[in-house]
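The sequence and the model come first.

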Amino acid sequence: MAASLASKWSRVGRSFLGGLDHKLSGFLSTSHEACSNSFSQQRSTFIQMRTVLKVVDNSGAKKVMCIQALKGKKGARLGDTIVASVKEAHPNGKVKKGKVVYGVVVRAAMQRGRCDGSEVKFDDNVVVLVDKQGQPIGTRVFGPIPHELRKKKHVKILTLAKHIA
Amino acid sequence: MRIEKCWFCSSTVYPGHGIQFVRNDAKIFRFCRSKCHKNFKMKRNPRKVKWTKAYRRLHGKDMTQDSTFEFERKRNRPERYDRNLTENTLKAIKTIDKVRSRREAKHIETRKKGKKAQLMREAVKELEQSISLVKAPSVLKEDKSYTLPKIKVKVSQAEAKNQPMEE
């Protein structure tokens, strides 16, 4: 099973940019260990092309696939904006399936260093849809939001947040 | 700035150390080092892992109730800065720490105290039962004590003289 998975990942790696190859090979090496023990620990990485993220506001979209990480050669991290395509949406919402949208990553499984030296990580990769100017499309956001967004000038999202981590 | 406690092992996490994991229900888990973090990811219960403070407190190995713990309670209200207060607090922290560690050591000492009598009893029993391993039964009949007979070894003078030369 490990071998077949490894071959699938290597195929995926070849079809995309060569620059991403070293990261995917990193995935391969960790996946070998992951398949051997029952608790598969995938190491969290950047949010790059083809990353599926959950949408955590009430804009109408449910799942979104990253097309481009603006800023960052390796990919987007917590607090960065991405260009994404809506893959799954609520039937009557502001955004429809197939639309190309911008989003702000509000929770990332990859740890982000804080200015006091500690690191934060969340449980999943989650995004809040915004327009080109950076204003959120939805009117509510769910779940904890890190205060890293304040530095990135996404204050509007922070005001909508119920809980600031 | 705040000195946190590791969720797994209950040790202090100073600023700049450790990882903070925020779960989707907004519960924050702080870990002092990757050892605790990895154990958490393995879904281990700290109350069952022997080296954590949670286990030790639960199983009575460490002191649980003491008035010195009251000083360390988390206070969410920030105090207005007062130099005297800060100075006194710093002094107090030192003395309270000393008192607490002294009491904890005493607790562990009293916990370990009863072992000596038990060890003595075990030794006596072993001596009674297995004396035949070291002392022949015929010798035991003549000399009923549990002490071994003294054996005298003769060392010739010539050998003693040779040894330093060989070295």
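## Interface of chain A and chain B

In this predicted model, eight residue pairs, both residues at pLDDT 80 or more, are in polar contact across the interface of chain A and chain B. Strand β6 (residues 119–122) of chain A gives the most to the side that touches chain B, with four residues. By class, that side of chain A has seven charged, six polar and five nonpolar residues. Salt bridges across the interface number zero.

The contact takes 18 residues from chain A and 14 residues from chain B. The area buried between the two chains is about 1,300 Å², and carbon and sulfur atoms give 53% of that area.

## Strand pairing between the chains

β6(A) pairs with strand β3 (residues 19–22) of chain B in the parallel sense, over four bridges. Within β3(B), Q20(B) is the bridge partner of V120(A).

## Salt bridges within the chains

Over all chains, the structure holds 13 salt bridges. One of them joins D124(A) and R107(A), with the closest N and O atoms 3.6 Å apart. D124(A) lies in the loop between β6 and β7 (126–130) of chain A and R107(A) in strand β4 (residues 100–107), 17 residues apart. Both residues, D124(A) and R107(A), are buried.

R114(A) forms a salt bridge with E148(A), at 2.8 Å between the closest N and O atoms. This pair links the loop between β5 (112–113) and β6 of chain A to helix α3 (residues 148–151), 34 residues apart. R114(A) and E148(A) are buried.

Technical notes
Residues numbered from 1 in each chain as written. Chains lettered and ligands numbered in written order. Predicted model: local features only at pLDDT ≥ 70, side-chain atom pairs only at ≥ 80, totals over all residues. Heavy atoms only, no water. Contact = heavy atoms within 4.5 Å. Buried area = accessible area lost by both parts, 1.4 Å probe. Salt bridge = Lys/Arg side-chain N within 4 Å of Asp/Glu carboxyl O. Polar contact = N/O pair within 3.5 Å; in protein donor to acceptor, adjacent residues only side chain to side chain. Helix = DSSP H or I, 4+ residues; strand = E, 2+ residues; numbered from the N terminus. Nonpolar A, V, L, I, M, F, W, Y, C, P; charged D, E, K, R; others polar. Pairing = 2+ DSSP bridges. Buried < 20%, exposed > 50% of the residue type's maximum accessible area, 1.4 Å probe, protein only.
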